[in-house]
Amino acid sequence: MDEEVRKIIKSNSRGCIDTSGNVVFDVHPTAEIVLNADFSLGYNLRKGSSAETYLKMHANSILAINGYFKAFYNSSIEIFSGGTLALANSYINSDCVIACANYISIGDGTAIARGVFIYDSDQHKILGENDKQTNLSAPVVIGNHVWIGVGAVILKGVTIGDGAVIAAGAVVTRSIPAGCIAAGNPAKVIKRNVVWR
C-alpha cells in the first residue's frame with residue numbers, strides 16, 4: 001500500500017488493509033477510508049497468478065469498512081466523487097465490479113459470487129427537456145446474509161432484503177424482499193420464505 005493511501009486512512013481506524021498480489025490503488029487525496037475492521041484486497045490469489053485487484057477513489061469519496069470485508073483477486077471497486085461505499089463482514093468473489101456514484105452498502109454475512117456487477121448509477125446522463133437529467137443515480141442497499149449468484153447484475157435504486165437469494169445471471173432492477181429467491185431479466189421473485197446456508 002502506498003503512502004498516499006496511508007494518508008487518507010482515518011487516524012482512529014481500528015482495522016488495516018491487507019493486500020495479496022498486484023493491488024492497484026488510485027486514490028484521490030481528498031478521499032477518506034474509515035477502517036472499523038480489516039479490509040483484504042486480492043484475497044484468495046492463486047499461486048503464480050498476476051491478476052490485478054483495483055481500488056479507485058475519486059475526490060471526496062468515502063469507503064467505510066464496518067466488518068471484515070474481502071475483495072477477491074481480479075475484482076474492481078470504484079467510488080466516484082461524493083460517493084459512499086459501506087461494507088460489512090462479507091465478500092465479493094473474483095471478477096466482481098462495484099461502481100459507486102451515490103451510496104452502496106453491503107451487510108453482514110453476504111456472499112457475492114464471481115462476475116457480479118453492482119451499480120448505483122447509469123454512469124452516463126440521459127437528458128430530457130431543458131437538458132434535465134432523467135436517469136439520476138439511486139442508492140443500492142444489500143442486506144445481511146444475502147446470496148448473489150454468479151454473473152448477476154444489481155442496478156440503481158435496489159434494496160435486497162436480509163436472507164434473499166439472487167439467482168445466477170439475474171438482472172435486478174427492483175427491490176427484492178427478505179427471504180425470497182429472485183431470478184430472470186428483469187429479476188422477479190420466484191420463491192418466498194427461503195433459508196439458505
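Because the model is predicted, local features need pLDDT of at least 70 and side-chain atom pairs count only at pLDDT 80 or more, while totals for chains, interfaces and linings use all residues. Residues are numbered from 1 along each chain as its sequence is written, and side-chain values use heavy atoms, with hydrogens and water left out.

Let us start with the sheet. Six strands make up an open sheet, in the order E3-E6-E9-E12-E15-E18, with parallel pairing. Strand E3 (32-35) and strand E18 (159-160) each have a single partner strand, so one side of each is left without a neighbour in the sheet. Strands here (E, at least two residues) are DSSP runs numbered from the N terminus, as are helices (H or I, at least four residues), and two strands pair if DSSP finds at least two bridges between them. As a reminder, strands of a sheet pair through backbone hydrogen bonds, either parallel or antiparallel.

Strand E6 (residues 62-65) is joined to strand E9 (residues 84-87) by four bridges, and Ala64 faces Ala86 of E9. On to the next pairing: E9 runs parallel to strand E12 (residues 103-106), again with four bridges, and here Leu87 has Ile106 as its bridge partner. Further along, strand E15 (residues 140-142) pairs with E18 through two bridges, also in the parallel sense; Val141 is found opposite Thr159.

From the sheet we can turn to the core. A nonpolar core is a set of buried Ala, Val, Leu, Ile, Met, Phe, Trp, Tyr and Cys residues joined through side-chain atoms within 4.5 Å. Buried means under 20% relative accessible area, exposed means over 50%, and partly exposed is in between (1.4 Å probe, protein chains only). The largest such core has 48 residues, and Phe39, Leu63, Ile118, Ile148 and Ile166 have the most contacts inside it. Its largest share, three residues, comes from E2. Take Ile166 as a guide: leaving out residues up to four places away in sequence, its contacts (heavy atoms within 4.5 Å) include Trp147, Ile148, Ile160 and Val172.

Where do the aromatic rings meet? Rings of Phe, Tyr and Trp (its six-membered ring) pair if their centres lie within 6.5 Å; planes under 30 degrees apart count as stacked, over 60 as edge-to-face and the rest as tilted. There are five aromatic pairs by this rule. One of them is Phe39 with Phe69, a tilted pair at 6.3 Å centre to centre and 45 degrees between the planes. Phe39 belongs to strand E4 (residues 39-43) and Phe69 to strand E7 (residues 69-72), so this pair links parts of the chain 30 residues apart. Both of these residues, Phe39 and Phe69, are buried. Trp147 and Trp196 are also tilted, with ring centres 5.5 Å apart and planes at 45 degrees. Trp147 is in strand E16 (residues 147-148) and Trp196 in the segment after E22, so their pairing ties together parts 49 residues apart in sequence. Trp147 is partly exposed at 40% relative accessible area, whereas Trp196 is buried at 14%.

Tyr43, Phe72 and Tyr91 gather in one aromatic cluster. Lys70 sits over the face of Tyr43, 5.6 Å from the ring centre; for this, NZ of Lys or CZ of Arg must be within 6 Å of the ring centre and within 35 degrees of the ring normal.

Finally, the charged pairs. The structure has two salt bridges, each defined by a side-chain nitrogen of Lys or Arg within 4 Å of a carboxyl oxygen of Asp or Glu. In one, the closest N and O atoms of Asp26 and Lys56 are 2.6 Å apart. Asp26 is part of strand E2 (residues 22-27) and Lys56 of strand E5 (residues 52-57), so the bridge ties together parts 30 residues apart in sequence. Asp26 is partly exposed at 39%, and Lys56 is partly exposed at 28%. In the other, Asp122 meets Lys156 at 3.0 Å, N to O. Asp122 is in the loop between strand E14 (117-119) and E15, and Lys156 in the loop between strand E17 (153-154) and E18, so parts 34 residues apart in sequence are tied together.
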